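Reader: I am new to this structure and would like to go through it slowly. Please begin with the terms, so that I can follow the rest.

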Amino acid sequence: MKNFKYILFIGILMTLQSCIESGEIQIQNNISQVKILDVKWGDHLLSSELLPGETSEQLTIKNSVEKLPSSQKVSFKMTANNKTIYLETQGTYLLDEDDDLLIILTDQTIVQNPN
């Protein structure tokens, strides 16, 4: 009987865990000849550093942490020629439940310095 309760408890936990929806997000730096640092989607750190052509690891955003769907700007520090500037995208990027979002930053990505 004790084993049955234990198995039932584990089954309930697994069922509840599977009900939590999530989305996957990655970012790729395709900006020519610049390194980007502290890359965030909203408050979520995607990468501490990306060289040109590099892609971050996938980050799972759970619906319990961030209400999905959610649309956020990407912010980062861009460094080139020993100079660093903080930038954020003008547009936002939408992550929905069960999404697999790849954000590609290029030379044509519209960014601004909010300061």
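Author: Two strands pair if DSSP finds at least two bridges between them, and the helices (H or I, at least four residues) and strands (E, at least two) are themselves DSSP runs, numbered from the N terminus. This is a predicted model, in which local features need pLDDT of at least 70 and side-chain atom pairs count only at pLDDT 80 or more, while totals for chains, interfaces and linings use all residues. Residues are numbered from 1 along each chain as its sequence is written, and side-chain values use heavy atoms, with hydrogens and water left out.

Reader: Among the elements of the protein chain, which has the lowest mean pLDDT?
Author: The pLDDT is the predictor's confidence in each residue, on a scale from 0 to 100, and its mean over the protein chain is 88, with 86% of the residues at 70 or more. Where pLDDT is low, the predicted coordinates should not be read in detail. Strand β2 has the highest mean among the elements, 97, whereas the lowest, 62, belongs to helix α1 (residues 2–19).

Reader: What pattern does the protein chain follow along the sequence?
Author: The protein chain holds one helix and ten strands. Taken along the sequence, these elements give the pattern α-β-β-β-β-β-β-β-β-β-β.

Reader: In what order do the five strands of the open sheet stand?
Author: The edge strands, each of which pairs on one side only, are β3 (44–50) and β10 (111–112). Strand β2 (residues 35–41) pairs with β3 in the antiparallel sense over five bridges, and within that pair L37 stands opposite E49. The pairing in the open sheet is antiparallel, and the order is β3-β2-β6-β7-β10.

Reader: Which residue in β9 is the bridge partner of N29?
Author: Strand β1 (22–30) is joined to β4 (residues 59–62) by four bridges, the two running antiparallel, and there S22 has K62 as its bridge partner. With β9, by contrast, β1 pairs in the parallel sense over seven bridges. In that pairing, the bridge partner of N29 is L105.

Reader: Which residues have the most contacts inside the largest nonpolar core?
Author: A nonpolar core is a set of buried Ala, Val, Leu, Ile, Met, Phe, Trp, Tyr and Cys residues joined through side-chain atoms within 4.5 Å, and the largest one here has 18 residues. The elements that give two or more residues to this core are β1, β2, β3, β6 (74–80) and β9 (100–106). I27, with residues up to four places away in sequence not counted, touches partners (heavy atoms within 4.5 Å) that include V39, L46, V74 and I103. The residues with the most contacts inside the core are I25, I27, W41, V74, F76, I103 and L105.

Reader: Is T89 buried or exposed?
Author: T89 is found in strand β7 (residues 83–89), and, leaving out residues up to four places away in sequence, T89 touches K73, V74, L105, T109, I110 and V111. A polar atom of the T89 side chain lies 2.8 Å from the backbone oxygen of G91. Because buried means under 20% relative accessible area, exposed over 50% and partly exposed in between (1.4 Å probe, protein chains only), T89, with a relative accessible area of 1%, is buried.

Reader: Which backbone atom lies 2.8 Å from a polar atom of the side chain of T109?
Author: T109 is found in the loop between β9 and β10, and its relative accessible area of 18% makes T109 buried. Apart from residues up to four places away in sequence, T109 touches T89, Y93 and I104. The atom that lies 2.8 Å from a polar atom of the T109 side chain is the backbone nitrogen of T106.

Reader: What separates the C-alpha atoms of D98 and S22?
Author: D98 has its place in the loop between β8 (93–95) and β9, where D98 counts as exposed at 62% relative accessibility. Leaving aside neighbours within four places in sequence, D98 is in contact with E21, S22 and G23. D98 and S22 are 76 residues apart along the chain, yet the separation of their C-alpha atoms is 5.8 Å.

Reader: Which peptide bond is cis?
Author: Most residues other than glycine have a negative phi, and most peptide bonds are trans. Q33, in the loop between β1 and β2, has a positive phi of about 55° although Q33 is not a glycine, and phi of D98 is also positive, near 65°. P69 is found in the loop between β4 and β5 (70–72), and the cis peptide bond, with omega near 5°, is the one from L68 to P69.

Notes:
Polar contact = N/O pair within 3.5 Å; in protein donor to acceptor, adjacent residues only side chain to side chain.
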